[in-house]
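This report describes selected features of one predicted protein model. It takes up a sheet, then salt bridges, then a surface patch.

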Amino acid sequence: MIPGKDATVDKNTAQKEKFGSFMLFDVEHFLRRLLKNWYWFVFMLLLGYGFSWFYGKYYAQSIYASNLSLSISSNTASYFTPSQSINFIWGQNGNQDGVYLKKMLLSRSHNEFLVKELNYFVNYQTKGLIKSTYLDKDDSPVFLEVDRKHLQQVNYPITFIPKGNGSYEVVLPEEGESTNLYSYDFEGFQSINAFERPANKTIKVNEWYTSPNLRFRLLPNPVAPKIKLENVIVNLTTVNDAVNGIIGTIGVDFDKEINTIMIITKTGFNLNSTVNFLNKSVLELQKKRFNDKIKVDKNTELYLKESLGSIRKKLDSSGAVLNYLKVTEKLYDISNRDEKSLTRIKELEAKKAEILSKMSSLSNIRNSVETQNFDKMISSSAAGFDDGLFTASVSELKALYLKKRELSTIYTPNSEPIKEVNRLISEAKQNSSGSLRNVYNVYTEQLSKIDQQVGEANSDLSTYPEKQRKYLDAERGYNMIEATYNSLLSRQNESQMRLATNQSDITVIDPAKNLGQGPIGPNVKGTKMAIIGGLLALPFVLILIGGLLDSKIRNIKELLSATKIPLLGVIGNNNSENMLTVLESPKSSVSEAFRGIRANMRFLSNEDGKSKVILITSSVGGEGKTYVSINLASVLGLSDKKTILLGMDLRKPKIFGDFNIDNKNGISNYLTGEVTIEQIINKTKIPNLDVATSGPIPPNPSELLMSAKNLQLIEELKTRYDFIIIDSPPVGLVADSYDLMKHSDANLYVVRHEYTEKYMLKMITEKYHNDEIKNLGFVYNDYVVKQGYGYGYGYGYGYGYGYGYFDEDKNYKEPMLIKIRNIVKAIFTKNK
């Protein structure tokens, strides 16, 4: 049985729909193409390695990170260090003092102070052959000091080249001069008149360099850098850009176990820069935090000192009056004094004096809040109360006013952000005034009770003479002023004690250090792998896309599985210059393949003693149907069978050229009645092989081929020959061959390897399974095996094996993989 031809095929509707449907993607062919193009993967691997090496060495800018950890003690509260409800502003919970500090570290005001104080708007670099490297200020042999009163051009790289003896050549860019210059004095831009590029100039350390767009001088680094630099490149930026650049590289986190421990991270292109910045930033924050913390106590001490001075004068004046009464009026010894009532009155008036003193402090605090004079605020303890809600609300109010000033530079007064911050200010004011009002009401009630009690005690003294009552009133006034003085003195001592014992509530646990930390980014290794992987994926993707878009027949197994049409044989590649392979190379593997086809044709139709009409067609031109027709006819003729080859592809005659036959008279002439049958039959070198060429191209080839005279021609030739080989037109272009197949005994359909399109086989497959065409078989042409193995299985060889059996084997070279396999096989065979 012919391979691919089943004896019983259930041609139901579902199966018929599947016939002619090929796989969308040929995995086997895809893998073969990958192996075939191995050199591209090697090339891409080397190319990717080269690119990745160049990227890592000359392009990638390493990013470093340093950390600093500190502890926050929040045992005291002030208007500047909120600990109660700062979440009212920032929407945070938990460690509010830590959150406030985090906001401070990331605030514009704090970082702007650092930028201005430490000249962080001056950036240092050095450049090698290709790559620029960022420097810390301390790594540079000189520092650049700008004249802040002079307009400066920013983002304008200035190169300094050492010339020895403290001299440096100032090299400016060849182009890029700008007339829009920046002022570090008022932090804005200003336009100047156009100017020519300043020439390069050599200056000494401490010498001012002046040009229309720059003014600076170089200061020597007191600590000599460890690395000698061939050049230093300085870039100036605006204060705003420097601040934004710093804020974007700072990260603040809290310890998961102890939330009062903060971990601050700074990233940058230079490790020393990140270390120095963190340590300086936290140092400045400690100073500011400490100053903010003691500011209230200093204000309170100053207030109490002034109050004591005022009360002291009153006390002296009251004492003088009392002494006068004692001396002049002789009232220092009053008989029958009600000491119990007098003592009670003295105690009550001492309490009253203390409350009045606190109320005075309370008024001072309320006035500071209403006038927004927060820098003059005194401690709430001076007013005798310690309300956390009030303290937090004042700090919130202070922060909100600062926030409003920042927003006012960006938004209009009626914008939503401004309205929102105004709403928050109003709420904070209500909270603070509400707290003060509650305390004030408490003091008012206490005063009312004391006055009532004093009035009751005074009723017991109404019986005293007028002079004695006058003396008692003076004594009571003196005692009240003295009590107020003592109360203020006690609170002053408390304030001084707090000032003496105050210390920073920020403690650095681990300062930032340069411990030789490796870069945290970019992921050079990952980028290198991505470059190499991307370049390796390029040929893979191209081959994959090619495989998905490829619709050509490349797999014999797939062809048979999709069509269920029998395969008569496989023809190898024809290396000769003409199509007479069987005649010119009878011992070649291709000739042997045609002999295999001749043998397999017996399965297409039963041998009945009649001549066989064999029609050969294909989908389109170029697939080798004429080549198969010539060589199959040659094989039959050489096997002592009378054979005639008919060139019925009237539109594109070919056969005459290979046999050196004149195509003047051919089948087209015969069908039009111009010549006789004997005139179109030509002899060949093979005694039993005749050829009838197509003849001149007629205007109506289809009508001639289906004419009764053509059918009579075939019937006449059946009586003269054993085999009639018809080289017919391709069925994918014209329908002539389908009509001729009705009169043929066997039909050979030529499929060319890596040439025939899959979709072209859909029609012939459907007609075959619908029984419209019978006795059909495939001939697989131009199949090349590159691994040294055949696809014979009785189809016809079509290629050499390398065993010296065919003519091609003398030029056969065993593939390297096969050589390695044979060597390994031989080694294991010897060891047995």
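## Sheet, salt bridges and a surface patch

Strand E23 (residues 776-783) and E22 run parallel and are joined by six bridges. Within this part of the predicted model, Tyr749 stands opposite Phe778 in E23. Helix H16 (residues 589-600) packs on the sheet and touches E16, E22 and E23. The direction of H16 makes about 170° with that of E16.

The sheet is open, has eight strands and shows mixed pairing. Its strand order is E16-E23-E22-E17-E21-E18-E20-E19. Strand E16 (567-572) and strand E19 (681-683) are the edge strands, each pairing on one side only. On average, neighbouring strands of this sheet are turned by 25° against each other, direction ignored.

Salt bridges are the next topic. With the criterion of a side-chain nitrogen of Lys or Arg within 4 Å of a carboxyl oxygen of Asp or Glu, the count comes to 24 salt bridges.

| Pair | N to O distance |
|---|---|
| Lys163 and Glu169 | 3.4 Å |
| Glu427 and Arg423 | 2.5 Å |
| Glu558 and Lys758 | 3.5 Å |

Which parts of the chain does the salt bridge between Glu558 and Lys758 tie together? Glu558 lies in helix H14 (residues 556-563), while Lys758 lies in the loop between strand E22 (746-752) and helix H24 (761-769), so the pair ties together parts that are 200 residues apart in sequence. Are the two residues buried or exposed? Glu558 has 8% relative accessibility and counts as buried; Lys758, at 9%, also counts as buried. Both assignments follow because buried means under 20% relative accessible area.

The salt bridge of Glu427 and Arg423 sits within helix H11 (residues 416-459), where the two residues are four residues apart, about one turn of the helix. Glu427 is partly exposed at 26% relative accessibility, and Arg423 is partly exposed with a relative accessible area of 38%. In the pair of Lys163 and Glu169, Lys163 is partly exposed, with a relative accessible area of 49%. A network of salt bridges links Arg108, Glu112, Lys116 and Glu187.

Val541 belongs to helix H13 (residues 524-549). Its relative accessible area is 37%, so Val541 is partly exposed, and patches are made of residues with over 30% relative accessible area.

Terms used: Residues numbered from 1 in each chain as written. Predicted model: local features only at pLDDT ≥ 70, side-chain atom pairs only at ≥ 80, totals over all residues. Heavy atoms only, no water. Buried < 20%, exposed > 50% of the residue type's maximum accessible area, 1.4 Å probe, protein only. Pairing = 2+ DSSP bridges. Axes fitted to C-alpha atoms, helices over the stretch in contact; angles between N-to-C directions. Contact = heavy atoms within 4.5 Å.
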